[in-house]
Amino acid sequence: MAFLSGCAPRLSSGPKCLPDALTAFQTWCCASGAHLDKYSFQGQPVYLFEPGTCGADMPTYVLDQHCDTLGFLGGFAGFTQIQGIDFASNASFQGSIWKN
């Protein structure tokens, strides 16, 4: 998907891979209410891609600083853990990076 990098959104923070990940996310997220947030989890930065509420049970993807998927939260099954650890109890919000 290198051809998308020229059209990738400009972000003020985050790893180099994040704009391309955001561009891909924007192709399927809700038209409003979607957002990309940064958290600290297990001492590392992670990025939550929250798709909004236009679709029932859409999951929130959790990516690491290399844009590798660590897992997802919510969804049909209501997942609350990433790599076997409760996310809400062990993560701290660092800021919002993008929203529509």
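## Aromatic pairs in a predicted model

Phe25, Trp28, Phe49, Tyr61, Phe72, Phe79 and Trp98 are joined by ring pairs into a cluster. The model you are looking at is predicted. Searching the whole structure turns up nine aromatic pairs, and two of them are described here. A pair of aromatic rings is described by the distance of the centres and the angle of the planes.

**Phe41 and Phe87**

- The rings of Phe41 and Phe87 make a tilted pair, with 5.0 Å from centre to centre and 35° between the planes.
- Phe41 belongs to strand E1 (residues 35–41) and Phe87 to helix H2 (residues 87–90), so this pair ties together parts that are 46 residues apart in sequence.
- Phe41 has a relative accessibility of 2% and therefore counts as buried.
- Phe87 is buried as well, at a relative accessible area of 5%; the cut-off for buried is under 20%.

**Tyr61 and Phe72**

- For Tyr61 and Phe72, the ring centres are 5.8 Å apart and the planes stand at 45°, so this pair is tilted.
- Tyr61 sits in strand E3 (residues 59–63) and Phe72 in strand E4 (residues 69–74), so the contact ties together parts that are eleven residues apart in sequence.
- Tyr61 is partly exposed, with 30% relative accessible area.
- Phe72 is also partly exposed, and its relative accessible area is 32%.

Definitions and conventions:
Residues numbered from 1 in each chain as written. Predicted model: local features only at pLDDT ≥ 70, side-chain atom pairs only at ≥ 80, totals over all residues. Heavy atoms only, no water. Phe/Tyr/Trp six-rings, centres within 6.5 Å; stacked < 30°, edge-to-face > 60°. Helix = DSSP H or I, 4+ residues; strand = E, 2+ residues; numbered from the N terminus. Buried < 20%, exposed > 50% of the residue type's maximum accessible area, 1.4 Å probe, protein only.
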